[in-house]
Amino acid sequence: MEKQHDVDHAFFGQPKGLQYLAGTEFWERFSYYGMRAILLYYMVSAATHGGLGLSQTTGLSIMSIYGALVYLASVSGGYISDRLLGSRKTVFWGGVLIMLGHLALALPIGIVGLFASIALITTGTGFLKPNISDMVGNLYSETDSRRESAFTIFTFAINFGAFIAPFVCGWGANSFSYHLGFSFAAVGMLIGLVFYYYGGKKYLGNDGLLPTDPIQRTELNRILTWVGLGFGAFVIVLIVMHGLHALTLDSFVSVLSIIALVTPVVYFVVMLRSTKITKVERSRVWAYIPLFIGALIFWAIEESGSSILASFALQQTNNNLGWLKIDPSWYQSLNPLFIMLYTPLFVWLWTKLGTRQPSTPKKFAYGLFFAGASFLFMVIPLLLFGTHAKINPLWLVGSWAIIEIGEMLISPIGLSVTTRLAPKAFASQMLSLWFLADAAGQAVNSQIARFYTPGNEMGYFAVVGAVAVLASIILLFFVKPVEKLMDGVR
């Protein structure tokens with residue numbers, strides 16, 4: 001028998017439940033991107049200007065590791081939903097934690113509020129992000145032709161929320177105080193929670209109320225033991241570092257970076273050594289490794305928008321055009337703006353090309369090239385005008401326009417190929433690996449961002465951009481071997 005919501009066409013031909021899930025994600029992304037648009041400026045601003053007074057190097061590293069932890073937490077979010085709470089409760093409590101994290105920043109409690117927000121928002125986003133997408137899919141039967149259109153609407157809601165957030169939160173931070181800007185982010189998540197709770201009760205039925213694979217008591221004890229051992233080892237490392245007088249904010253970020261880089265390595269080793277996968281599946285996992293490395297490099301550059309480019313927007317961009325005074329936080333709207341502009345063009349392109357479109361490894365190579373080109377593009381104004389001049393904002397706009405072409409070639413393509421290359425026994429873990437590519441990329445960012453110093457901006461953009469372009473060329477040389485390892489998956 002078909003689900004009731006399979007025949008529900010109340011929301012632009014889609015189930016009414018989609019309206020509330022898309023609305024929830026709109027407000028969640030509004031809160032996250034609004035916070036992210038002003039967080040770096042809050043950290044590096046002097047205390048007399050309402051900030052924390054951290055160094056630029058430390059601020060850039062924290063921004064990167066913040067993003068890495070968000071994607072690391074996403075790995076556990078799916079597990080908690082499947083085994084403990086069910087997706088409905090996991091998403092709700094994730095939203096509560098996110099709202100509390102923004103409130104921690106909204107309160108004038110300094111560095112304590114920053115660390116509290118990192119813990120709360122990363123955990124909450126990990127709970128919410130993977131599960132709400134799964135709930136969208138559950139609105140439809142496997143044969144429902146409306147599924148792709150639903151995810152298009154859902155993705156548009158995500159990007160539209162991310163687009164308007166920097167203007168709202170940036171205005172609050174610039175006109176009054178950073179804490180008011182963070183308050184707007186908290187209010188946004190509160191609206192999303194109300195939207196989700198009441199809409200879900202009425203239109204989501206019983207889907208996701210219970211875990212799909214409830215954990216057994218014997219399993220729970222074993223898992224808690226391993227979690228306890230892992231946490232204990234982490235605490236011991238910090239104690240030893242403190243005893244050696246090596247525990248600083250920067251060294252703590254380095255420890256978290258190592259965890260983000262080691263985790264995907266462990267995933268790959270476990271899968272490749274498993275007896276649960278076939279010879280063909282093992283070959284496909286090997287094929288995924290160069291794609292994963294390519295995605296890691298890409299995300300290291302793409303996620304620099306909220307750190308490196310945000311710093312450039314503040315310090316080296318002419319934001320006073322006479323007729324227009326640009327708040328540096330507004331540049332964070334360029335990412336979702338270009339995604340919304342490019343999406344219909346790429347949908348048309350892939351439809352037009354059909355079976356003649358490039359294979360996945362080629363798309364990854366092209367995407368990496370555009371990522372590197374976006375940084376090399378930033379070398380041009382520095383060569384023309386020097387590192388001390390304020391450049392025209394259109395250079396930043398151009399850089400974002402270039403890298404978002406790369407995102408269209410890697411982000412949706414990568415998610416799709418991940419599901420197709422995944423061994424049956426590791427389907428969920430393989431999707432976790434896709435999130436870990438972003439986490440690992442931002443972990444790398446948290447370390448190399450230390451080389452982005454006054455006077456060295458041109459060298460930073462040139463070296464990182466050249467590495468990405470070189471990686472794209474190397475991947476092109478390995479397209480044929482990777483396609484062979486993919487064993488029939490295009």
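H245 is exposed, with a relative accessibility of 75% (exposed means over 50% relative accessible area, buried under 20% and partly exposed in between, with a 1.4 Å probe and protein chains only). H245 lies in the loop between α7 (217-243) and α8 (249-273); helices are DSSP runs of H or I with at least four residues, numbered from the N terminus. Although H245 is not a glycine, its phi is positive, at about 60 degrees.

The model is predicted, so local features need pLDDT of at least 70 and side-chain atom pairs count only at pLDDT 80 or more, while totals for chains, interfaces and linings use all residues. Residues are numbered from 1 along each chain as its sequence is written, and side-chain values use heavy atoms, with hydrogens and water left out.

E28, in helix α1 (residues 16-44), is buried, with a relative accessible area of 0%. Not counting residues up to four places away in sequence, E28 touches I98, T125, L128 and M189, where contact means heavy atoms within 4.5 Å.

Helix α9 (residues 279-302) packs with helix α13 (residues 393-421) at an angle of about 150 degrees, and their axes are 11 Å apart. Axes are lines fitted to C-alpha atoms, for helices over the stretch in contact, and angles run from 0 to 180 degrees between N-to-C directions. The two helices, α9 and α13, are therefore roughly antiparallel, a term for angles over 145 degrees. Residues making the contact include Y288 and W299 of α9 and I410 and V417 of α13.

How values were computed
Parallel < 35°, antiparallel > 145°, perpendicular 65-115°, else oblique.
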